[in-house]
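Have your viewer ready and follow along. We will pick out a few selections one by one and say what is there.

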Amino acid sequence: MKASKGRPSRQESGDELAKAYRLLEEAQDIARTGGWEYDVASAKIYWTTGVYRIYGVEFDFDPNDLDRCIEFYAPESAPIISQAFQRALELGEPYDLELQLNRADGKTIWIKTVGRATRENGKIVRVSGDIIDIDELKRSQLEVASLNAKLERLVLERTARLERANKDLDVFLHALSHDLKAPMRAIAGFSRMIAEDYADALDTEGRRKLTVVSDNITLLDSMLAEILSLARIDTAKTEWTRIDMRAMAVAMYHETASQEDAATVDLSVCALPNAYGDSTLMRKVWGNLFSRALSSTLGRDKRTISVQAEPENDGLKYVIADNGQGYSQTCRDRLFLPFAHLSGGPDCSIGDIGLAVVKRIVEIHLGRVGAESEEGQGSRLWFWLPGLHSYGHGGDADER
Amino acid sequence: MDINTAVDILLVEDNPNDAELTLRALKKNKLTNTIIHVHDGEEALDYLFAKGKFTGRNISASPRLMLLDLKLPKVDGLEVLKAVKADPRTAMMPIVILTTSREESDMMRSYSTGANSYIVKPVDFTKFIDSVKEIGFYWLLLNEAP
């Protein structure tokens with residue numbers, strides 16, 4: 001058939017109409033939608049087949065029974081649609097509602113229903129609209145909303161639990177710093193009083209034993225102070241900035257090294273890429289690592305300490321190498337634990353928690369620490385920090 | 001001791017060991033002849049305001065210095081501090097907080113309530129003696145009372 005031009009013939013226009021109607025039916029079927037119209041003059045309702053499908057009724061169902069149609073709506077939806085339709089009919093107010101419909105097959109579905117009035121010469125002559133099955137969409141939305149609410153509750157619960165844990169920790173730290181001090185002070189003070197008040201009655205051995213008592217109290221006091229400083233490294237108070245690692249390393253070396261160290265140690269610091277972190281904490285990392293390297297090289301003829309950085313696994317490994325006495329394997333395994341000398345064997349002379357502080361701070365920065373060492377062969381202590389972009393500050397990555 | 005003798009130091013300390021250490025430190029430095037030691041906040045306020053067993057004491061004869069622990073039974077150290085600073089008869093008396101608490105909040109509250117110094121008691125005995133000596137020298141010998 002030749003494509004017609006101009007006004008179609010009666011035969012052609014009938015075919016076109018049937019085709020258009022068929023396409024509309026298909027479109028409504030696919031979109032799960034239907035159209036309806038209420039003609040005021042005849043008080044008649046017309047439904048497209050899409051509406052019958054949404055209601056789940058046979059095509060012989062009579063939509064003109066308005067009350068019957070409203071009854072299909074869920075109890076809380078029925079008055080809403082009834083009122084909206086009346087206002088459209090009497091006042092010409094359009095509506096757009098999401099309601100629940102009880103289909104003829106018993107299934108309850110979410111629908112969107114839209115209605116608007118048409119006026120001719122100022123009088124409302126018909127109300128028409130669409131009804132769309134949005135059940136799947138609505139159920140997904142409700143599911144998302146309920147999951148979100150659940151998630152929010154979970155976050156609140158976890159936050160509350162964390163706050164409780166922090167408060168418990170504070171109480172514990174307070175007990176450590178406050179309540180333990182009084183008996184320690186008494187032991188220290190009263191053993192000194194014995195030494196002073198009974199000086200004549202005590203022999204050398206008696207005085208030595210009293211000195212052991214007070215020395216150990218002094219040690220206990222400093223251990224306690226260090227444990228507290230480790231526990232008080234507060235992740236909540238970190239302030240993140242870009243750090244010039246080379247400048248910081250050099251500055252911290254000079255702050256840590258004694259005059260004698262400075263005169264006898266051969267220090268070399270390579271170019272070190274910038275890092276991102278809390279500068280107060282990062283200074284402690286360098287300070288403690290240098291302090292360790294300095295004490296492990298004590299007694300060597302030629303003391304050397306070198307600092308360099310190597311890219312590794314999408315991050316950077318900062319290495320502090322020294323030619324000190326090195327660590328045995330037992331000691332190396334415990335190097336980053338508090339008071340390594342307590343468990344690391346007799347050769348493990350680390351009586352502080354400097355490296356435990358390093359570990360904690362580096363972990364706050366999402367990094368790792370480690371040590372490579374052979375006894376008598378010096379050691380390489382390192383800390384690895386993730387690349388700048390890993391912290392969600394990608395723009396800075398070019399500086400590396 | 002006659003309760004109307006003006007004392008140099010009022011020591012408010014509940015821990016008997018700490019009190020003994022403090023008294024020893026003061027005596028060792030020959031800092032005081034007259035010292036009153038009370039054991040809780042209530043007793044301290046009774047002494048200062050001539051109540052309870054100190055009824056009849058002359059209130060205007062305030063100690064020249066009060067050494068005050070913060071953690072005290074009955075009436076807390078901070079409450080004692082507040083009461084003393086709020087009363088014109090005792091407000092001018094220097095108060096040194098001598099405590100174990102290193103808590104910043106305790107220190108800030110003490111200073112804002114009018115404490116003149118805040119000393120954390122050292123564990124080390126020599127340091128303890130030195131701290132007490134310095135407090136005594138400063139507040140009893142160097143400081144000019146108004």
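Predicted model: local features only at pLDDT ≥ 70, side-chain atom pairs only at ≥ 80, totals over all residues.

Strand 3 of chain A pairs with strand 4 (residues 108-120) of chain A over eight bridges, in the antiparallel sense.

Next, bring in the rest of the sheet. In chain A, five strands make up an open sheet with antiparallel pairing, and their order across it is 2-1-5-4-3. Which strands stand at the edges? Colour strand 2 (44-47) and strand 3 (95-102) of chain A: each has a single partner strand, so one side of each has no neighbour in the sheet. Turn the view to follow the twist, which averages 25° from one strand to the next.

Zoom out to the whole of chain A. Here you can find twelve helices and twelve strands. Of its 400 residues, 26% count as buried. Taking contacts in chain A between residues at least 6 apart in sequence, 58% join residues at least 24 apart.

For the last stop, show chain B as well. The two chains meet through 15 residues of chain A and 14 residues of chain B. On the chain A side, select helix 5 (135-179), helix 6 (181-197) and helix 7 (204-231), the elements that each give two or more residues. Helix 6 of chain A supplies the largest share, nine residues.

Definitions and conventions
Residues numbered from 1 in each chain as written. Chains lettered and ligands numbered in written order. Pairing = 2+ DSSP bridges. Helix = DSSP H or I, 4+ residues; strand = E, 2+ residues; numbered from the N terminus. Axes fitted to C-alpha atoms, helices over the stretch in contact; angles between N-to-C directions. Buried ≥ 20, exposed ≤ 12 C-beta atoms within 10 Å, placed from the backbone. Contact = placed C-beta atoms within 7 Å.
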